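Please read the following report alongside the sequence and the model, which are shown just below.

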Amino acid sequence: MKEPYDPSVEGAQMSFDGRMSYSDYLKLDKILNAQSPVSTAHDELLFIVQHQTSELWLRLAIHEVSAARVAIQTDNLSESFKMLSRVTRIFEQLNNAWDVLRTMTPSDYTEFRDSLGQSSGFQSYQYRQIEYMVGNRNRAMLRPHEHRADITELLLNELKVPSLYDEVIILLARRGLSIPETVLERDFSLTHSASDAVQQAWKTVYQNTDAHWELYELAEKLVDFEDYFRRWRFNHVTTVERVIGFKRGTGGTGGVSYLRRMLDVVLFPELWSVRTSL
């Protein structure tokens, strides 16, 4: 009889007494003990894991968007391309996760929904931080976080600096494209409003790709990201409607009606409208 394979023969480390192991490095004891269902419903664990893993992916997205913004500020566009591509892939993962949650039926969710109290994904401060970072700066959305001074400060600090898209528009001006001072010196704590001048600048980029290749590539990276971001929102709406119909959300929103309103939010408006004028 053939002896079972022993990986130590080839040098695999098998003893970790006093040494860092895989579990130690990843803090798996903390992560795998962070799921605490408050009901006896079988599907509550699915619901918790879905949202916890989504928050982990959002944490990475924040890390990448923050670095991409710095790279754009310092004209290191090649670095920003990798980071923005990664953010797009992160949102692809977030989109795929809805497929798992959709295996939960309305009957399954009803078993534990009341146990959630007023908690809701609507209150995710990391999601809010990403929206603020990329340009959707709705100050009304600070209110769900007022009970946490540290989170409120985090989000307010984000509103004090130009968003990712603001930095891109500033970059257009640095590269010699005509951007009005009213756009460059606006109140960055507010959401950028579509500008004909900014659209014209992007039109120049798209019609002269050889002369503006880096800006052209940056534009397409941003469109890729928003494309997947929109898909994530759409999948969210579809999943919620499939599971709870048109009931109000646990956090008090209109549920599907609120989420559908979010589908109309455009992060990089001129990058979409310029396509009509080309």
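A residue counts as buried when its relative accessible area is under 20%, as exposed when that area is over 50%, and as partly exposed in between, with a 1.4 Å probe and protein chains only. By this rule Arg102, at 15% relative accessibility, counts as buried, whereas Asp99, at 45%, counts as partly exposed.

The model is a predicted one, in which local features need pLDDT of at least 70 and side-chain atom pairs count only at pLDDT 80 or more, while totals for chains, interfaces and linings use all residues. Residues are numbered from 1 along each chain as its sequence is written, and side-chain values use heavy atoms, with hydrogens and water left out.

**Overall build**

The chain has 278 residues, of which 42% count as buried. Its secondary structure comes to 13 helices and 0 strands, where helices (H or I, at least four residues) and strands (E, at least two) are DSSP runs numbered from the N terminus. Taken along the principal axes, the box filled by the C-alpha atoms is roughly 75 × 55 × 40 Å.

**Salt bridges**

Side chains of opposite charge can pair when their charged atoms come close. A salt bridge here is a side-chain nitrogen of Lys or Arg within 4 Å of a carboxyl oxygen of Asp or Glu, and a search of the whole structure finds 15 of them. The table lists some of these pairs.

| Glu158 | Arg69 | 2.7 Å |

The salt bridge between Glu158 and Arg69 links distant parts of the chain, since Glu158 lies in helix α7 (residues 149–159) and Arg69 in helix α3, 89 residues apart. Glu158 is buried, with a relative accessible area of 7%, and Arg69, at 9% relative accessibility, is buried as well.

Glu226 and Arg230, by contrast, both lie in helix α11 (residues 213–244), where they are 4 residues apart, about one turn of the helix. Glu226 counts as buried because its relative accessibility is 0%, while Arg230, at 29%, counts as partly exposed.

**A nonpolar surface patch**

Which residues form a nonpolar patch on the surface? They are Met20, Tyr22, Tyr25 and Leu26, which together have about 520 Å² of accessible area, as computed by the Shrake-Rupley method with a 1.4 Å probe, only the protein chains shown counting as cover for residues. Patches are made of residues with over 30% relative accessible area and no salt bridge, like charges being joined within 9 Å and nonpolar side chains (Val, Leu, Ile, Met, Phe, Trp, Tyr) within 5 Å. Met20 has its place in the segment before α1 (22–26), and this residue counts as exposed because its relative accessibility is 59%.

**The second largest pocket**

On a 1 Å grid over the protein atoms alone, a pocket is an open set of points with protein on both sides within 12 Å along at least five of seven lines, and lining residues have an atom within 4 Å of a point. The lining of the second largest pocket is formed by Lys30, Ile31, Leu32, Ala34, Gln35, Val49, Gln52, Thr53 and Leu56. The elements that give two or more residues to this lining are α2 (28–32) and α3 (44–73), and α3 gives the most, with 4 residues.

Terms used
On a 1 Å grid over the protein atoms alone, a cavity is a set of points where a 1.4 Å probe fits but cannot get out, and a pocket is an open set with protein on both sides within 12 Å along at least five of seven lines; lining residues have an atom within 4 Å of a point.
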